[in-house]
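Please walk me through this structure, taking the contact between its chains before the arrangement inside one of them.

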Number of protein chains: 2
Amino acid sequence: MKVDGNHLRTIAPGADGWSVDIIDQTKLPHVFEIKNLRTLDQACRAIRDMLVRGAPLIGATAAYGLCLAVREDPGFEAIDAACEKLSATRPTAVNLNWALANMRAVLRDVEPHRRAEVAYRHAAGLCDEDVAVNRAIGEAGAALIAEAGRGGREMVNVLTHCNAGWLATVDWGTALSPVYAAHDAGIDVHVWVDETRPRNQGAALTAWELSRHGVPHTVIADNTGGHLMQRGQVDLCIVGTDRTAANGEVCNKIGTYLKALAARDNRVPFYVALPSSTLDAALADGDQVPIEERDAGEVTHVTGVDPGGEVRSVRVTPAQSAAANYAFDVTPARLVTGLITERGVVEAKRESLRAAFPEKYAAQ
Amino acid sequence: MKVDGNHLRTIAPGADGWSVDIIDQTKLPHVFEIKNLRTLDQACRAIRDMLVRGAPLIGATAAYGLCLAVREDPGFEAIDAACEKLSATRPTAVNLNWALANMRAVLRDVEPHRRAEVAYRHAAGLCDEDVAVNRAIGEAGAALIAEAGRGGREMVNVLTHCNAGWLATVDWGTALSPVYAAHDAGIDVHVWVDETRPRNQGAALTAWELSRHGVPHTVIADNTGGHLMQRGQVDLCIVGTDRTAANGEVCNKIGTYLKALAARDNRVPFYVALPSSTLDAALADGDQVPIEERDAGEVTHVTGVDPGGEVRSVRVTPAQSAAANYAFDVTPARLVTGLITERGVVEAKRESLRAAFPEKYAAQ
């Protein structure tokens with residue numbers, strides 16, 4: 001996608017051809033800074049400290065982190081140690097281990113002196129694959145947006161929650177990929193951006209990437225979507241997902257469920273965009289997803305920029321008050337109009353998902 | 001209610017007997033400051049800039065604001081001008097106009113030189129009435145909490161949105177009055193406090209007043225309530241209302257509707273506590289309520305206290321991104337389990353409300 005007119009991916013080899021450039025997302029939207037990773041340790045820190053986030057981008061960073069390790073020592077002892085180190089940075093991120101296992105399997109059959117070259121080529125391939133998948137999601141979703149706008153004759157209002165944009169992937173994003181595809185095709189699309197407390201991924205990341213690409217958007221408090229739907233100001237909702245169960249139940253950022261309820265109550269279509277890598281056919285339903293409880297500090301404190309341009313964290317609650325921070329909720333499949341995947345729009349039902357992704361269900 | 005062991009009302013005549021003391025609620029929870037109002041303009045500013053907020057307290061402040069005006073000029077031209085000025089401060093607040101009409105009607109039959117004295121006496125009477133009404137709401141609602149906890153044998157989790165506590169009224173509150181009554185009666189009650197963006201009235205005010213009174217509570221992001229209800233961690237919801245239509249539809253802080261939807265989806269009782277002064281029998285349904293759009297700065301900026309103890313406002317969105325700030329939404333009566341009023345729990349239906357408050361419907 002574009003930043004200040006330049007095409008950019010969230011991760012790419014540096015100018016020297018071997019180091020790795022990422023965007024430090026902890027500083028967005030206030031500071032845009034490209035960070036150059038040159039060692040395995042730097043890659044581990046980038047994942048652990050959430051300079052990069054979003055399942056696909058975490059996987060890509062792990063793959064390139066392994067490249068940096070292989071370049072220094074192509075022996076398998078070093079490769080295994082590097083995999084272990086990278087794997088420990090975000091223990092719950094499924095894509096991370098998937099990317100590492102994938103890289104490791106490829107390197108196994110390669111002679112040591114060629115491993116670095118093959119590793120870089122394979123990491124680049126994983127990134128290109130992510131881009132292609134997201135592109136396909138974008139095309140499938142853009143058709144829905146075009147339809148909502150009567151083929152471009154009317155402005156379309158899309159509501160999204162959290163950040164499932166290009167910053168969460170290598171490029172294009174998942175939930176926002178249809179928005180970019182529609183916008184680039186000349187459809188008049190406007191996005192209601194849920195602020196997305198805690199952590200404010202909507203206000204900080206979604207708003208930033210939409211503004212850089214020039215897509216009209218308006219940030220709203222998470223409380224607002226229901227009212228907008230009641231007043232007919234939302235044509236469709238598109239959100240991402242961290243994990244989708246075999247029956248189509250969707251685990252996503254906390255608050256997704258509330259928007260799905262409002263969409264149902266107001267007959268607004270509610271779509272979930274997902275690369276099939278987040279479909280977990282081994283998970284019968286969403287009730288089995290362990291909901292991560294994060295630091296209460298993300299609720300009690302908010303980070304932003306002060307009038308002097310300095311990034312600061314302020315406490316919004318009384319010092320004596322406890323806070324709880326559940327990171328995800330589960331949206332029942334009955335509230336989901338459709339799943340936008342790289343193989344088209346699929347019903348949020350076990351049998352439909354099985355038909356679209358038989359290889360995922362083969363082992364179940 | 002109590003602050004640091006001292007009993008306090010949110011509004012009361014100052015030590016001089018004619019000026020008016022209020023709590024500057026914009027500074028809570030970080031600074032507790034009593035502000036002394038001495039002119040009509042100061043009273044208008046206090047309402048408009050939300051130093052005082054909450055329907056009943058806005059009404060009380062308007063009444064005392066009129067006293068300050070009458071004290072300077074008891075002529076009816078001045079009284080009408082003052083009413084108009086006060087009325088314009090918060091267009092959605094029905095109590096404001098109710099209090100002003102009430103005061104105006106009383107002053108009509110009084111000779112000019114006695115109007116100030118009568119105005120102050122009547123404003124004090126309105127305040128005492130508010131306290132008595134809220135007390136009655138507390139008793140009716142505490143019975144529901146006791147019932148949810150099997151008569152005190154089990155802990156009860158109440159979820160509330162925004163601040164409808166004693167800070168929103170003269171004393172006791174509306175939605176929180178049942179909580180205080182139950183807590184004071186020895187029932188083990190815990191409150192999930194919605195942060196309530198924008199403006200954070202939950203994190204700032206509800207958490208503060210509950211902590212001062214010693215009621216166990218936990219602050220959560222507004223996105224969280226649905227998940228808690230799905231997991232059985234909410235026994236009942238109690239919220240306040242700024243305006244209730246003749247058919248029982250409830251206009252309250254933005255986001256209330258989303259919690260009502262989640263309550264319905266999970267069979268959690270959803271109660272709205274209201275003094276009958278917020279019941280607007282002339283309003284057929286909630287669709288007719290004009291929804292106040294407030295400054296986008298309340299969405300783009302968050303105020304809190306920095307580690308050095310200084311109150312600061314930080315921007316959480318990119319500078320280029322627009323934001324929208326709708327202050328209220330309307331919860332359909334079908335989602336409301338019951339209305340907790342000073343005359344007991346009433347069904348959210350036109351005929352039930354008419355039976356409970358015939359005088360309100362007489363003119364319709």
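Which side chains meet in a salt bridge at 2.4 Å, N to O? They are those of A:Glu195 and B:Arg197, where a salt bridge is a side-chain nitrogen of Lys or Arg within 4 Å of a carboxyl oxygen of Asp or Glu. Between chain A and chain B the count is 6 salt bridges, and there are also 26 residue pairs in polar contact, both residues being at pLDDT 80 or more; a polar contact is a pair of N or O atoms within 3.5 Å, in which, within protein, one must be able to donate a hydrogen and the other to accept it, while residues adjacent in sequence count only if both atoms are side-chain atoms.

This is a predicted model, in which local features need pLDDT of at least 70 and side-chain atom pairs count only at pLDDT 80 or more, whereas totals for chains, interfaces and linings use all residues. Residues are numbered from 1 along each chain as its sequence is written, chains are lettered from A and ligands numbered from 1 in the order in which they are written, and side-chain values use heavy atoms, with hydrogens and water left out.

The contact (heavy atoms within 4.5 Å) takes 66 residues from chain A and 66 residues from chain B. The area buried between the two chains is about 4900 Å², with 56% given by carbon and sulfur atoms; buried area is the accessible area (1.4 Å probe) that two parts lose on being put together, summed over both. On the side of chain A, A:Asn223, A:Leu258 and A:Tyr326 lose the most area to chain B, together 14% of what that side buries.

Strands also pair across the contact: strand 16 of chain A and strand 8 (residues 217–220) of chain B run in the parallel sense over 2 bridges, and A:Ala322 has B:Thr218 as its bridge partner. Helices (H or I, at least four residues) and strands (E, at least two) are DSSP runs, numbered from the N terminus, and two strands pair if DSSP finds at least two bridges between them.

Within chain A, 4 strands form an open sheet in the order 13-10-11-17, with mixed pairing. Strand 13 (279–280) and strand 17 stand at the edges, each with a single partner strand, so one side of each is left without a neighbour in the sheet. Strand 10 (residues 243–245) is joined to strand 13 by 2 bridges, the two running parallel, and A:Thr244 stands opposite A:Leu279 in strand 13 of chain A.
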